Amino acid sequence: MYPSRFNYESPKTIEEAIALLTKGNGEAKILAGGMSLIPMMKLRFASPEMLVDINNIPDLNYHRADADGTFHIGALCRHSDLEKSSILAQHQPTLAATAPLVADPIVRNRGTFVGSVCHADPQGDWASAMIALDGMIVAQGPKGRRTIAVRDFVTGPFQNVLASNEIAIEAIIPATKGIRFGGYLKLERRIGDFATAGVAVALELSGASVIRAGIGLTGVGSSTVNATDAAQSLVGSPLTSEAIERAADLAAQAAQPRSDHRGSAAYKKQVVRTFVVRILTEINSTKTKAA
Amino acid sequence: MSLDEIKIGGMGASRRRVEDNRFIRGKGNYVDDVVLPGMLHMEILRSPLAHARIKSIDVSAAWAIPGVRLVLTGEMMAARNLAWMPTLSYDTQAVLATDKVRFQGQEVACVIADDPYIAKDGCEAIVVDYEPLTPIVNPMQALAPGAPLIRDDKENQKDNVVFDWQVGDKAATDKAFASADKVSKLELHYPRSHPSPIETCGSIADFDRSTSKLTVYMTTQAPHIIRAAVALVAELPEHMIRIISPDLGGGFGNKVPVYPGYVMSILASILLEKPVKWIEDKTGNLISTGFGRDVYLKGELALRKDGKILAVRMHTDSDHGAFFSDAQPSKFKIGLMHSAFACYDIPAAHLTARGVYTNKAPGGVAYRCSFRVTEAMFFQERMVQAAADDLGIDQAEFRRVNLVHDDDFPHRTAFGFLTDSGQYAKCLDIGLEAIGYKDFLKQKEEAKKRGRLLGIGISTMTEPLGAGNSRAYDILGIKMFDSAELRVHMTGKAILRTGAKSQGQGHETTWAQIVAHELGIPADDIVVEEGDTDTAPFGMGTYASRSTPVAGAAVAMVSRKIRAKARKIAAHLLEVSEEDVEWELGRFYVRSAPTRGVTIQDCAFAAYTNMPDGLEPGLENVSYYDPPNLTWPFACYIATVEVDPQTGVWDVLKVVAVDDCGVRINPMIVEGQIMGGLTEAYAMASMQFITFDSEGNCVGSNYMDYLLPTAWETPGFELHEVVTPCPHHPIGAKGIGECATVGGPAAFVNAVMDAVKDTGVRNIDMPLLPDRVYEALTTKKDISGFPPVKTDA
Amino acid sequence: MTSLYEEVRGDQPGEVPVRRVSIRVNGVNRTADIEPRLLLAHFIRQGLRLTGTHVGCDTTNCGACTVLLDGKPAKSCTVLAVQADGHDVMTVEGMATASELDPIQEGFKDEHGLQCGFCTPGMMLSAKALLDENPNPTEDEIRWALSGNLCRCTGYQNIVKAVLWAAEKMRAQSGK
């Protein structure tokens, strides 16, 4: 497996990278972790004329929480950085549950969080978590920066709203008003497999009551599914078993899977349903224990 | 004083492996590691369609790329009478497609260039115009009236049937069925799987015009067969062909057949007079090289109500892909499928087998098994469990009733094989004890009350290894013997060469142990070489668990020839007659004066320096071993599982293996083989399959879709042993390389079926993916006998 | 050189982009002019003739090509050699000294943690990264850490034992 020829640039600043992308005029690709792009180039599903390697731009490998709880993940933050992060475990239960389930341990050493979200693979794990958390992507282009909500960021399978000379430089997860709970479950047939189905749940609780909820679904649609009705159904009341069952039903309804060698459409909906119940039930028992 | 056999690394020593010294340093020498001066690189262009007529191929853009040295198409091959080659099963196979493509991934053209990147660029630049034809992707379609003819290249081929074959006694079987209390029926599909060693196939052909010698480095498990095949296909003199099979990164049957890539690299080297390297990519390996299995079964057991099996009836439809290129004994069209039920005492049996062509890759190779034995034993053990359930008899007890008793050997099986030895009930008992059978049944009932689904599955089987004796076993007429050549040097050190070819089994370690056992020469003093046809004696290679039963026997026999000659030398040195010389490990001594003796090393030295009158000098010999019969190891595998009723996901709780492979040469290596085999068994039961959509597109063309388990999913294994020596093998060994792959899958499937039994479901075909288990649980219907493809209707 | 493959011909196209890289491999700086499309695995294998790094699959699954890139396991078939410019690479050939094997290598031999040997270099390097971080791993931690490397021969159980063996030896050595 050998990629086609391309020109390679490794800029030292974001501005330089943007200039190169502008010059590339739609035929240039950004190389971050490369864990999706390079395999596609080796299979010659992708043959960009130019690669703009952003790995040599300093200060993009970070993740941190602001004083108000707003969480930032830089463009070069690797999956494994997040997997091993104590800040993440402390502030972001949904992301912390997702991190170890992304790809395999070696791929996690190089693959990036932001790159994965940009890749907009309907089977990407991080995108579901970001949907559940109302996350945002900060993009920088020739005209400066803009912030895009992830739900508006992905426009279809492997498609996002970025212009060909814009770079996603950071992901932001907004601060909470209540106490954050969350989880991620993924049915994979073996480590490194794409999800048969995955469910990300992010909740904010105030006392016993849910004040915000988000549910993102992996691998059950032509892009990451935002199960808004299911999430909305949880808001304003405690996590009773009836509420959990109702949310699970609504999430399963929101899923639009296709039958394939990973399972039938009906089965994938059942997995979504089961996982919503399991995550919410687990949150309920954690919350009770904590209280 | 006699030597301590374990200390000298003889039989029974868990000797650490010799070959590891290079592997752990990254100094193995695999085909892709070989670099020859001036070497060019070849890449293959493959068909994207499963069935299509080739209207035209335009290679001009490929030729225009700087660095491209040669572009080969079917037309160019045909001009040299090389577009087609014979297979190992008396069929023909396209080297490069000329008329039409018959499976997705078929070789259409190849490009030879300065480096593989450029060769790939060249392939991408080739334009092929296809006229799509209706693809046939399973035997049901192939056999349907009016099905398109896949092999229209063959003059007398009027349909898609490859063979129609039968074995057994139909009349006796029909009679037994007529008198049965109950008939238990089961339809099964053993899905297509790929052996998938991590190393793909490859070759480096190096034709030297000045000497007319062709040297080919090749990923082959059977270098001598390849040499013969190349001589026939390329019409080159056999003595001018040297096949070298260096270290192999796994084989599992994948590296037995002759592949078009080998042939093309050879032709390219002849045309260009340069070494040409071809290293297949993973997709090429998975979609075009020898797969395993893909057999549909209709099985029936005639039962007496006390549990006795009266007769077995089987019909198989096997999918051979576009070309019948299985490597298997020529007499048996569906391999040794009729070894099914060999461990049970059954009066009558009949098997009908039909093979068909489809628009899928050719193969049907013995994927880690002795020619369809994996399918045979899986079908057997699934039928046995279903029958036990149908009769309402405990599955362990049902087996005990039907297993051949220890004192019934030699035993003639219902299909006519002769088994020689075993302690079947003992193995079963050890397995049941180890798994805690009775306790588990209680736990299972307890768990059921809380909505949990536990299950236990047993698989007991004996499989035929060591094909085989020359009366019955040949490939393309070449008898399936094997060989060993032993040269003992003057100082008592030795080199051993065999016609087998290790792919990870550790021959360099174990063969030396056999010599140590026979001659008392420390194993560390013996170097083992295999895989070079210019130096190794002719042998049929390593597959079908035949190395220990056949080549291993040859190693013992050649050692005995050496010992016989050494005895004459010893008599000469001791100045007594040969009849007065006694042998103990490593030493001859005078019977009447045991302290007077000479070592084997003394004899070796004398063989070159002080031989008796009338005896040829030197201490070298060669042995060709034609086994009197197959060997029959027995195994009992038991697995327990828990099924998640809401997702269909199942987890393995415990796996117990009891293997009786006869005498163990190196227990450490034997256990390694068993654990590797159990892992493949688990993989096949749970995830490892290659399927095709209705267009004939291979779903499973890379490791993202073709799932091999990692360390995380793979369960742990508990191993036990029983030793019943093989009565006709020189060292009593029976072979072990494939037992667990063969017998293992049914243990896992039976366990899951046991867990879901209360729903009335009798079968879920492999692989037991969570969705299939869930579907069976909720619909309470079998998922049986059809290919595992899911699409939105 | 425009290509690391044998005998580069004179008629290579003039337009082929070439970059000079300097990569520290097993402690030695290696400089070469390479095409950007050259994969790190091929740079190591063909360019440096360090053939212990194997290429097994096309899709970043098998891990046979695993090397340590700045100390962390990376699948070198999915890294461009130009990306490793200025970085540190360790291959299996860098594990042993002239006189001494790495305890992981010893463990793999002693516990029969390999059969065909093809996955072994990648497997050992993943194990090395694990033990560098966690000198006393549990069986589950080992299985988890090695789950990016596929083995077809061993069934993993002996690989796990090999890593435990090495961990114990390394702890004993460092305790001295």
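Two residues are in contact here if their C-beta atoms, placed from the backbone, lie within 7 Å. Helices (H or I, at least four residues) and strands (E, at least two) are DSSP runs, numbered from the N terminus. The model is predicted, so local features need pLDDT of at least 70 and side-chain atom pairs count only at pLDDT 80 or more, while totals for chains, interfaces and linings use all residues. Residues are numbered from 1 along each chain as its sequence is written, and chains are lettered from A and ligands numbered from 1 in the order in which they are written.

**Two helix pairs in chain B**

Let us start with the helices of chain B. In α17(B), the residues B:Ile674, B:Gly677, B:Leu678, B:Glu680, B:Ala681, B:Tyr682, B:Met684, B:Ala685 and B:Ser686 meet B:Cys739, B:Ala740, B:Thr741, B:Gly744, B:Pro745, B:Phe748 and B:Val749 of α18(B). By class, this contact holds eleven nonpolar residues, four polar and one charged. Here Ala, Val, Leu, Ile, Met, Phe, Trp, Tyr, Cys and Pro count as nonpolar, Asp, Glu, Lys and Arg as charged, and the others, Gly among them, as polar.

A second pair is formed by α14(B) and α15(B). On the α14(B) side, the residues that meet α15(B) include B:Trp511, B:Ile514 and B:Val515; among their counterparts in α15(B) are B:Val555, B:Ala556 and B:Ile562. This contact has seven nonpolar, four polar and three charged residues.

The table sets out the geometry of both pairs. Axes are lines fitted to C-alpha atoms, for helices over the stretch in contact, and angles run from 0 to 180 degrees between N-to-C directions.

| Helix pair | Axis distance | Angle |
|---|---|---|
| α17 (667-686) and α18 (739-755) of chain B | within 7 Å | roughly 45° |
| α14 (507-519) and α15 (547-574) of chain B | 9 Å | about 40° |

The crossing of α17(B) and α18(B) is right-handed, and the crossing of α14(B) and α15(B) is right-handed. A crossing is called right-handed if the near helix is turned clockwise from the far one by less than a right angle, and left-handed if anticlockwise.

**Strands in chain B**

Two strands pair if DSSP finds at least two bridges between them. In chain B, β30 (residues 634-643) runs antiparallel to β31, with ten bridges joining them. B:Tyr637 stands opposite B:Ala657 of β31(B). The two strands make a hairpin with six residues between them, and B:Gly648 in the turn has a positive phi of about 80°.

β31(B) also has a parallel partner, β34 (residues 718-721), with four bridges between them; here B:Val656 faces B:Glu718. How many of the eleven residues of β31(B) are buried? Eight of them are, and this strand (residues 650-660) is mostly covered. Buried means that 20 or more other C-beta atoms lie within 10 Å of a residue's own, with C-beta atoms placed from the backbone; 12 or fewer makes a residue exposed, and in between it is partly exposed.

B:Val581 has B:Val590 as its bridge partner. Two residues lie between the strands, and B:Gly586 in the turn has a positive phi of about 85°.

**A parallel sheet in chain A**

Chain A has an open sheet of three strands, with parallel pairing and the order β1-β3-β2. β1 (7-9) and β2 (28-31) stand at the edges with a single partner strand each, so one side of each has no neighbour in the sheet. On average, neighbouring strands are turned by 25° against each other, direction ignored. Four bridges link β2(A) and β3 (residues 50-53) in the parallel sense, and A:Leu31 stands opposite A:Asp53. Helix α1 (residues 14-24) of chain A lies across β1, β2 and β3, running at about 170° to β3(A).

**A buried helix in chain C**

Is helix α1 (residues 40-47) of chain C enclosed or open? Eight of its eight residues are buried, so α1(C) is largely enclosed by the rest of the structure. These buried residues, including C:Phe43 and C:Ile44, pack against β1 (19-25), β2 (28-34) and β3 (66-69) of chain C. After α1(C) comes C:Arg49, with a positive phi near 55°.

**Where the chains meet**

Chain B touches both of the other chains. 51 residues of chain C are in contact with 51 residues of chain B. On the chain C side, α2 (103-110), α3 (120-133), α4 (139-145) and α5 (157-175) each supply at least two residues. That side has 21 nonpolar, 19 polar and eleven charged residues.

For chain A, 21 residues are in contact with 25 residues of chain B. Helix α12 (residues 265-290) gives the largest share of the chain A side, five residues. By class, that side has eight nonpolar, seven polar and six charged residues.
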